[in-house]
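Trainee: Before I use this model for anything, could we go through it together, one question at a time?

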Amino acid sequence: MKLDLFVTCVTILPAILIISTCRTNAFIVDVKNVTDKSHDYAEVIKLSLLYFEAQRSGKLPKDNRIPWRGDSAVNDRGPNCEDLSGGYYDAADFVKFTFTTAFTTTILAWGVISWPKAYIAANQLDEIYKTIKWATDYFIKCHVSKNVLYGQVGDFMSDQMYWGRPEEMTICRPAFKIDAEHPGSDLAGETAAALAASSIIFRSVDRDYSLWCLQHAIELYEFADTYRGFYLEAITNAKEFFSSTDYGDELAWAALWLFSATRDHKYLEHALHHYQNFRLDKRPNEFFYNNKIAGVQVLLAQLEGRSEHQEAARAFCDFSVQKQKRTPKGLLYINKTGTLSHAANVAFLCLEAADFGIGDSRLIYRQFAEEQIAYILGSTGRSYVVGYGKNSPKQPLHAASSCPDRPAPCGWADYDKNESNPQILYGALVSGPNENDEFNDHREEDIYTEVLINYNAGFTSALAGLLQLQLDGL
Ligand SMILES: *[C@@H]1O[C@H](CO)[C@@H](O)[C@H](O)[C@H]1NC(C)=O
Ligand SMILES: *[C@@H]1O[C@H](CO)[C@@H](O)[C@H](O)[C@H]1NC(C)=O
């Protein structure tokens, strides 16, 4: 067994650190000080989509805009020779992970559905379609039959032993799936949500493709709902690095996106049933790939509008704006890992809530979102988006961009270099500062410099929401 060869090697992924208690700041910290209206949201959207492009796996199209990237992992296959090439690399390295890619896709699609004018104004509508389609094409490949979905390609252990370019990778890349005997309602549910939400945006561009996405979404939801279980019980390879603690939120989320795409009330009934059954009315602490209860609440309030759901959405946003922990300089501080993405996800969700008049404090939610995004873009004197603004991160933890130009070799020596990444990973949002607003721009300090595709999800959609507010003069 190949894994045995690697047990003596050092793991480069983080140990989860304990979060120290940090003080709760008075809410709405001097918004004037931290808000910088000079940010060019359109430019940052453009860069963010470039980051997704840099994460592409498989055969790249002729219009690839990342000069230091080429075809890679074109032979990714399932055990029955199913073609599993394509999709996105999840992080610094080269595992493809359906669960987080699907969450990312759902959130990107929601942003496009809500604020298409922003993408048009930024001249990025075609680009975001391509970003999303790169994921949906892959999900469709992974969904090889009604009750079989591939959830991972690449092995975390051997992947961690390799530092270099994806184009030159020779490590074995096994594929892992869920099926009726080894189900994963969370994974199948999130993938159904991503395909349903994407089918809405593709409707006006490519009707057949949109229907195809929807068909897969319908089947995946049935699979998720009929065969209940956690995907990490089936795909144990990922257990060490990802968590999934519930699947009620994914079932409700998928049903709601199917209702949104089909307007078939059967799906709304399913969603309401899951909402009640899994007690999704409680007020969550965060909104990210492993907890989308707040997303369910806001989406339900948007689609159905009952006051109890509006109330739930309002409770989450009010809590986040007023009571959630903050750093001294005002950043929402939910988790040491992916601090900035947590803040951006909440900013995005509360912009969605504000648009639908949830809570009596639209202005407060919008100011809050503006202030959180301003922090990310540089209000404290440094930007946290690679290649954008003042003093942006120079050493994101990212293998491909740490490599010199080809044909120079690339390996662990490049990981160890205390130097800027030779290739600029434009648009990547790093994990972020600690609870005291301190940031260590060093590749080995993954708690600060890690980049993941899901980090850029809520962030990109929040930028679109803010740009649309600017356009509308609000
Ligand atoms: C912080 O995030 C990590 C990784 O997502 C997770 O394992 C951990 O439980 C989170 N901690 C808290 C306090 O939410
Ligand atoms: C990396 O280099 C910078 C400046 O060149 C230095 O301040 C810093 O201490 C170095 N970090 C490590 C971990 O060597």
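Trainee: Which residues are around ligand 1?
Mentor: Keep in mind throughout that this is a predicted model. A residue belongs on the list if one of its heavy atoms lies within 4 Å of the ligand. By that rule, the residues around ligand 1 are Glu286, Phe288 and Asn335.

Trainee: How much of the accessible area of ligand 1 does the protein cover?
Mentor: Asn335 brings a polar side-chain atom to 2.3 Å from an oxygen atom of ligand 1. On its own the ligand has 360 Å² of accessible area, and the share of this that the protein covers is 55%.

Trainee: How far apart are the end C-alpha atoms of helix H2, and why does that agree with its number of residues?
Mentor: Helix H2 runs over residues 41-54, which gives 14 residues. The expected span is 1.5 Å times one less than the number of residues, so the helix should span 20 Å. That agrees with the distance in the model, where the end C-alpha atoms are 20 Å apart.

Trainee: Is H2 mostly covered or mostly exposed, and what covers its buried residues?
Mentor: Twelve of the 14 residues of H2 are buried, so by the cut-off of under 20% relative accessible area the helix is mostly covered. Among the buried ones are Tyr41, Val44, Leu47, Tyr51 and Glu53. What covers them includes helices H3, H4, H5, H15 and H18.

Trainee: Which parts of the chain does the salt bridge between Arg69 and Glu167 tie together?
Mentor: The closest N and O atoms of Arg69 and Glu167 are 2.6 Å apart, and both residues are buried. Because Arg69 and Glu167 sit in separate loops, the pair ties together parts that are 98 residues apart in sequence. Those parts are the loop between H2 and strand S1, and the loop between helix H6 and strand S3.

Trainee: How many residues apart are Lys133 and Asp137, and in which helix do they lie?
Mentor: Lys133 forms a salt bridge with Asp137, with 3.1 Å between the closest N and O atoms. Lys133 is partly exposed at 31% relative accessibility, and Asp137 is partly exposed at 30%. The two are four residues apart, about one turn of the helix, and the helix is H5.

Trainee: Which residues are linked with Glu127 in a network of salt bridges?
Mentor: Glu127 lies in helix H5 and is buried, with a relative accessible area of 16%. A polar contact of 3.4 Å joins its side chain to that of Arg65, and, leaving aside neighbours within four places in sequence, Glu127 is in contact with Leu49, Glu53 and Arg65. The residues linked with Glu127 in the network are Glu53, Asp63, Arg65 and Lys130.

Trainee: Which side chain makes a polar contact with that of Ser57?
Mentor: Ser57 is found in the loop between H2 and S1, and at 0% relative accessibility it counts as buried. Beyond its neighbours within four places in sequence, its contacts include Ser72, Asp76, Tyr88, Tyr89 and Trp134. The polar contact, of 3.0 Å, is with the side chain of Tyr89.

Trainee: What separation is there between the C-alpha atoms of Ile358 and Gln310?
Mentor: Ile358 has its place in the loop between helix H14 and H15, and it is buried, with a relative accessible area of 1%. Leaving aside neighbours within four places in sequence, its contacts include Ala301, Gln310 and Tyr365. Ile358 and Gln310 are 48 residues apart along the chain, yet the separation of their C-alpha atoms is 5.9 Å.

Trainee: Where is there a cis peptide bond, and what is its omega?
Mentor: Most residues other than glycine have a negative phi, and most peptide bonds are trans. Ala73, not a glycine, has a positive phi of about 45°, and Asn391, also not a glycine, has a positive phi of about 50°. Pro407 is found in the loop between H15 and helix H16. The cis bond joins Arg406 and Pro407, and its omega is about 10°.

Terms used. Residues are numbered from 1 along each chain as its sequence is written. Chains are lettered from A and ligands numbered from 1 in the order in which they are written. This is a predicted model: local features need pLDDT of at least 70, side-chain atom pairs count only at pLDDT 80 or more; totals for chains, interfaces and linings use all residues. Side-chain values use heavy atoms; hydrogens and water are left out. A polar contact is a pair of N or O atoms within 3.5 Å; within protein, one must be able to donate a hydrogen and the other to accept it, and residues adjacent in sequence count only if both atoms are side-chain atoms. Accessible areas come from the Shrake-Rupley method with a 1.4 Å probe; for residues, only the protein chains shown count as cover. Buried means under 20% relative accessible area, exposed over 50%, partly exposed in between (1.4 Å probe, protein chains only). Contact means heavy atoms within 4.5 Å. A salt bridge is a side-chain nitrogen of Lys or Arg within 4 Å of a carboxyl oxygen of Asp or Glu.
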